[in-house]
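Walk through this model with the coordinates open. We begin with its pockets and finish with a pair of packed helices.

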Amino acid sequence: MADGPRIGHIKANIVLYGALFANLGIAAAKFVAAAISGSSSMLSEGVHSLVDSGNQLLLLYGQARAKQAPDDQHPFGYGRELYFWAFVVAILIFAVGAGISIYEGWTHIAAPEPLRDPTINYIVLGIAFLLEGASWTIAVRQFDAGRNGLGWWQAIRRSKDPAGFIVLFEDSAALAGLVIAAAGVWLSHATGDARIDGVASILIGLILAAVAALLARESKELLIGEAADPARIAMIWRIVERRREISAVNHVRTIHTAPDAIFVAVSADFEDALTMGDGERLIEEIEAELKAASPDISSIYIRPEKRRDAVLQPRPKA
């Protein structure tokens with residue numbers, strides 16, 4: 001019976017585990033190829049894959065920490081800890097992945113090494129492209145399944161689960177890096193100029209820096225606290241305002257406390273004739289209806305408040 005939860009955990013995180021195992025094997029092969037051939041871009045690619053492996057481990061750790069039960073210090077749970085580790089991943093990609101790649105490229109341009117047989121590089125790059133391509137395909141399919149008709153960039157901006165789009169970005173950068181590394185190795189031997197391989201390494205570093213900047217921006221927004229998507233807010237608004245005991249909805253405020261947990265705060269103007277007991281019953285019914293309509297609503301706070309005294313929010317159009 002103990003194997004059931006473990007298998008379920010692996011299936012739920014198939015994108016992370018697939019990327020982790022692919023990157024560990026690829027990193028080892030790239031380092032061996034770099035040692036044999038002396039290629040700067042291959043060394044950068046090895047560092048890239050090693051950093052990606054560490055990133056997947058950090059995201060898995062963050063997911064485990066985020067599932068801790070609420071306590072006195074964190075009454076809404078630890079869900080946003082995943083967002084912290086996602087931000088750490090962005091920093092590592094920038095500082096380690098991009099930094100080492102650019103440094104290695106610069107040193108090989110300043111002091112180019114003699115060219116060696118590139119055959120091992122092509123073999124490793126070909127295998128790495130197949131493995132990275134498989135990992136990228138899994139990430140694309142899983143992310144595509146959750147887009148709900150949104151455009152790719154819009155879905156990334158609205159996503160509250162950083163694990164999905166981080167692996168998607170990492171694998172996309174990895175595939176681009178492999179193409180650049182292969183071109184750098186080929187051009188270096190075709191022209192007899194080893195400095196081109198160093199230029200390829202710098203280009204790989206710049207791609208990693210750009211990916212790190214995008215991830216840092218998205219992770220920062222999640223870490224600060226993002227609202228639920230507009231359609232969800234409009235649904236909450238409709239459920240509350242259609243109650244005949246509610247004169248008006250003043251505002252609906254939401255925040256993600258985890259990828260699958262939303263805190264909702266509602267200010268509504270209740271009918272004056274409503275008794276205290278009827279108001280309590282009404283609030284309980286609204287809370288039950290909201291949680292049935294959207295199971296990821298974890299906490300609800302409904303405040304009776306006169307419209308003239310409340311902070312008003314425009315009614316959502318969605």
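This is a predicted model. Start with the largest pocket. Eight elements each give at least two residues to its lining: α2, α3, α5 (119-145), α6 (152-158), α7 (162-191), α9 (230-241), β1 (246-258) and β2 (261-270). The lining numbers 40 residues. Nearest the centre of this pocket lie S159, K160, D161, P259 and D260. The volume of the largest pocket is about 1,100 Å³.

Now turn to the second largest pocket. It holds about 160 Å³ of space. Its lining consists of F270, E271, D272, L274, T275, M276, G279, E280, I283, P304 and K306. Helix α10 (residues 276-293) supplies the largest share, with four residues. By class, the lining of the second largest pocket splits into five nonpolar, two polar and four charged residues.

Finally, go back to α2 and α3, two of the elements that line the largest pocket. Helix α2 covers residues 14-37, and helix α3 covers residues 40-66. Their axes lie 8 Å apart, and the helices pack at an angle of about 155°. How are the two oriented, roughly parallel or roughly antiparallel? An angle over 145 degrees counts as roughly antiparallel, and α2 and α3 are therefore roughly antiparallel to each other. Their crossing is left-handed. The contact of α2 with α3 comprises 17 nonpolar, six polar and three charged residues.

How values were computed: Residues numbered from 1 in each chain as written. Predicted model: local features only at pLDDT ≥ 70, side-chain atom pairs only at ≥ 80, totals over all residues. Heavy atoms only, no water. Axes fitted to C-alpha atoms, helices over the stretch in contact; angles between N-to-C directions. Parallel < 35°, antiparallel > 145°, perpendicular 65-115°, else oblique. Left-handed = near helix turned anticlockwise from the far one by under 90°. Nonpolar A, V, L, I, M, F, W, Y, C, P; charged D, E, K, R; others polar. 1 Å grid on protein atoms, 1.4 Å probe; cavity = no way out; pocket = protein on both sides within 12 Å on 5 of 7 lines; lining within 4 Å. Points joined across faces, edges and corners; volume = space filled by probe spheres on them.
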